[in-house]
Amino acid sequence: MKYEMVAGFETHVELSTKTKIFCGCTTQFGGDPNTHCCPICIGLPGTLPKLNRQVVRYAVMAGLATNCTIPEIAKMDRKNYCYPDLPKAYQISQFDMPLCVGGYIPLSNGRKIRLTRIHIEEDAGKLIHRHGDTLVDYNRGGVPLIEIVSEPDIRSIEEAREYVEKLQLIMRYIGVSDCKMQEGSMRCDVNISVREVGSDKLGTRTEIKNMNSINFIAKAMEYEFERQVDILENGGKVIQETLRYDDVTNTTSSMRGKEDANDYRYFRDPDLVTISVSREEVEELRNLLPELPVQKAERYVSELGLSETDAALLTKYRKIAEFYEEASKGTKNPKTAANFIIGQIFRRLDTESDKEAFDIKVSAEDLRELIKLIDDGKIKMNLAKSTLEKMLDTGKKATEFISESDMGGLDEATMISLCEQAVESNPNAVNDYKNGKEKAIKSLVGFVMKNSRGKADAVAAEAKIKELIAKA
Amino acid sequence: MSSRGNIKKLADMLESKKISCTELTQSYIDEIEKSNGELNAYVKKTPEIALDTAKKVDEKISKGEKLSSLEGIPMTLKDNISTDGIETTCCSKILKGYVPIYDATVWDILKKQNAVLLGKTNMDEFAMGSSCETSCFGGAKNPHNINHVAGGSSGGAASAVGGNIAVYGLGSDTGGSIRQPASFCGVVGLKPTYGAVSRYGLIAYASSLDQIGPITTSVEDAAIVFDAISAYDKMDSTSRGRQGAATVDTLNNSIKGMKIGIAKEYIEGVRDDVREAVMNAAKVYESLGAEIVYFDLPVLKYALPVYYILACAEASSNLGRYDGIRYGFKAEHYDDVNDMVKKTRSEGFGDEVKRRILLGTYVLSSGYYDAYYKKAQNLRGTIVNAFKEAFTKCNVILAPTVPMTAFENGNAISDPVETYLTDICTVPVNICGLPAVSVPCGFNAKGMPIGMQLIGDSFSEATILNVAHQYETAVPEAFRASDFGVKL
Amino acid sequence: MVDREEILKIATLSKLFVSEEELPKLTTDMEQMIAFADTINNAEDASTDFDNINNLCNVLREDEVVPSLDRDKILGNAKDIDDGHFLVKKRA
């Protein structure tokens, strides 16, 4: 029997506000334990929460960027459960009236992953277990989160990967979160079940909690999919439970041990009042949204004629897309700038975080100047490429490396003379070519290019060389 | 006018240098030493702080500086109002030793005015009770007869003010906790409109019902204190502040032509002596030119169960944080974190608090939420609308504060539901967030005070205090002082 | 009506221990309290929405940093602390 995966995501994203959701403490990552705390965020008796306006605005922006509807009225609720990292023994969250409902994330295969809702809530503190003792740090307690809940629409690991990457991309683009999974500012819970291909019934699901790496998510889902299929194929039943993924053993295991069955006893938080986002504010926030990566990529393909692959690479990080748009502005062929970035600049950015930071010495304007030299026929591509390397090394402008004499074409006589020299001084290559080694011609062209400091027209040079060899 | 030392009189004495603030304060400290053993009104005395403040006030007076309305006046705070550096326990074992690191907004306001803090007053544990006897320090006693309870939960404040060992006290009222002890102790207790006074720093019992208010010996004092503390507070999302001018300015307005409503549901089922006293007050109002109008408020019969469901539900959540980790009591022996939390709570909370936490957890738990919590919340809306409708027929509602007078010590009824019935007249006001003031309206045959309450529409403190003050002026003997305390 | 199992379940959710000695009295008390609470179900089905008492909306603060408190103060009321953290020992 063939099985398919059915998965839904609950994704927690820390918002990039300056202060916590209900008090003025900083949200900065790190810091000595319990130094980003006040009476409110450690839940001292008598303290009251006051909602951060920016949290509401960011959450609405996240909703608009993921095609959600913003209801007229939202409210805050208490989710009651007792755990040492939760200083009030309840988490202020949103239960039945969240800020955003009913959006979707489009995937490259044409499917849409529907979003049930996006709501705001407070993060918990951090527990450290040391020799059986429990140490509690509340610095993270009260940091604002949005929880993005998807429908169980994901059918494969690839879709899961793309879904998480797209979410990450969108949230970074619109500036509401840095989504650094390794720092925990983006974390995923995955609900996963399996069913026979063709069935439209949902199987019993398990929930894998709190994963903070896309690779772990993929591995955990793969393991869990196979585990469930195994159970079913052996006539067993999947038990609905909460699981933890262990990245060392690459297995999932049950999280039982919180002795009590959960019953969160949600009710409206009487310390907070109704939230109403006016239609004007929704429009204002919509106007603040930048063009999103998907839209950008589509435009790069349809208007600029880039390949889908290149468009995707260029739009993955907002800084790169902005650099590209600036560098290609007013140039003859939008592909030229794309090739420089993907071919040369990316080689200097090893990791994803390097790409995200996009810390390079060349400005978009300087790259554009270089491309204009090509456009105007003043320099050839080869010279441009080597010049860009020098620019990337030094941060200096193209004109620092290209002399007046480099610019302007090569006259016919010099070109012929260089071709003749190439044939005369490289008898081995000439012989190879004559013996059928087509590639040998390249080294002869290379000779001409080198000795003309890149000014020769490679195509014309190759033709001339072939002609000279044939004559000989 | 009241025969007792009130705020204006004391302020005049200070300013005219008839008495220094230090002398005034010392006389209260001395009387506390003399009487608190019997009254058990204070659970924490702060004489050094009081004298320090008094010294500052005396310096201002000697420099001829003008004093604000409450400057130099000796007062108290209920032990659920957070005071930076001063132990605040809610009279619960679970908070013993807890010293807040911030001030409640009301105390912040009063401290800046150089209010002279004599100490923190006794209360039912976490404000849950009607006799003050669930306090881990034992109950406060009634200054009119110490064999009787002071009432609750702000029993200590009522006992201290009724016993003249404080000029005024701040209490909190979730289901009658200011008005009921004020009624029992023969003093004035104002429960302001929800949102008029900041709750920031008030240790929560039931957040949507709690309000801080004054307990005083006269209506004028209640107005002065209310005017001082009813400021908008950005720390409290539900804060509105006072809407309108100072209430003290309109106390002497004529009430001629005013409509005073009586709902029969408030009068039925109260003890004869109480009903009689309230109806006599109605006659006084008629003689002052007011018109008495009668109507029915049938939804009132649901107010008490609605109150208990909502209050306990919120309490079960508000009291979840007492886990021994960050402050307060922590169990000495335990096997793991969960065991520590459960032992701390089981050993730290008293029986009544536990009962209410359990009931609150029950009504919120899955399977019961709709039948209890949600239904109660809907009925809350219905009761709110019924009162709105009532205020189209009258300006204020007159009702008994408690169906009886103060009961004897240790006689607090053991059946929890029967105990709850003593709150039947006070809880509707909290459900609707309305202002109400309890004022003395006579004494029963045993000499125990009887109280009546005047209930107003939202933010109409000025009106109810005006109506209350007119009664006080007409019937000063109802405000007779106990034999305890400072006499000036 | 509530039975002992239910009381124990509610107690667990409330993080309270209930001893065998306490259980009979507590069950009686809870039964009475719940029966009393149940009287609201005699009321006609009320669908009056209740939001918050003064119908307030959008009470928000600006995203401006307020200095945090000294850690000594934050930890000052804790019975056990270690290395700048609140501490719960493995057992005591």
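Modeller: Helix 14 of chain A and helix 15 of chain A are oblique to each other, a word kept for angles left over once those under 35 degrees are called roughly parallel, those over 145 roughly antiparallel and those from 65 to 115 roughly perpendicular. This is a predicted model, in which local features need pLDDT of at least 70 and side-chain atom pairs count only at pLDDT 80 or more, while totals for chains, interfaces and linings use all residues. Residues are numbered from 1 along each chain as its sequence is written, and chains are lettered from A and ligands numbered from 1 in the order in which they are written.

Helix 14 covers residues 440-451 of chain A and helix 15 covers residues 458-471, and the two pack at an angle of about 120° with their axes 9 Å apart. Helices here are DSSP runs of H or I with at least four residues, strands are runs of E with at least two, and both are numbered from the N terminus; the axes are lines fitted to C-alpha atoms, for helices over the stretch in contact, and angles run from 0 to 180 degrees between N-to-C directions. The crossing of helix 14 and helix 15 of chain A is right-handed, the term for a near helix turned clockwise from the far one by less than a right angle, with anticlockwise giving a left-handed crossing.

From helix 14 of chain A, the residues that meet helix 15 are A:Ile441, A:Leu444, A:Val445, A:Val448 and A:Met449, and their partners in helix 15 are A:Ala458, A:Ala461, A:Glu462, A:Ile465 and A:Lys466. Contact means that the C-beta atoms of two residues, placed from the backbone, lie within 7 Å. The residues of this contact divide into 8 nonpolar, no polar and 2 charged, where Ala, Val, Leu, Ile, Met, Phe, Trp, Tyr, Cys and Pro count as nonpolar, Asp, Glu, Lys and Arg as charged, and the others, Gly among them, as polar. An α-helix has 3.6 residues a turn, so residues three or four places apart point the same way.

Helix 14 of chain A also packs with helix 12 (residues 412-425) of chain A, at an angle of about 130° and with their axes 9 Å apart. Helix 12 and helix 14 of chain A are therefore oblique to each other, and their crossing is right-handed. On the helix 12 side the contact is made by A:Leu418, A:Cys419, A:Ala422 and A:Val423, and on the helix 14 side by A:Leu444, A:Phe447, A:Val448 and A:Asn451. By class, this contact of helix 12 with helix 14 has 7 nonpolar, 1 polar and no charged residues.

Elsewhere in chain A, helix 5 (residues 293-304) has A:Pro293, A:Val294, A:Lys296, A:Ala297 and A:Tyr300 buried. Buried means that 20 or more other C-beta atoms, placed from the backbone, lie within 10 Å of a residue's own, whereas 12 or fewer make it exposed and anything in between partly exposed. These buried residues of helix 5 pack against strand 6 (100-106), helix 2 (157-173), helix 6 (308-315) and helix 7 (318-328) of chain A. After helix 5 of chain A comes A:Gly305, whose phi is positive, near 75°.

Turning to the surroundings, 26 residues of chain A are in contact with 33 residues of chain B. Strand 4 (77-80) and strand 9 (133-137) of chain A each supply at least two residues of the side that touches chain B, and by class that side of chain A has 15 nonpolar, 4 polar and 7 charged residues.

Chain B has 16 helices and 13 strands. The radius of gyration of chain B, taken over C-alpha atoms, is 21 Å, close to the 23 Å that the globule rule gives for 488 residues, so chain B is as compact as a globular protein of that length; the rule is 2.2 Å times the number of residues to the power 0.38. Of the 488 residues of chain B, 66% count as buried.

Chain B is also touched by chain C, with 38 residues of chain C in contact with 57 residues of chain B. Helix 2 (23-38) is one of the elements of chain C that each supply at least two residues of that side, and helix 2 gives the most, with 7 residues.
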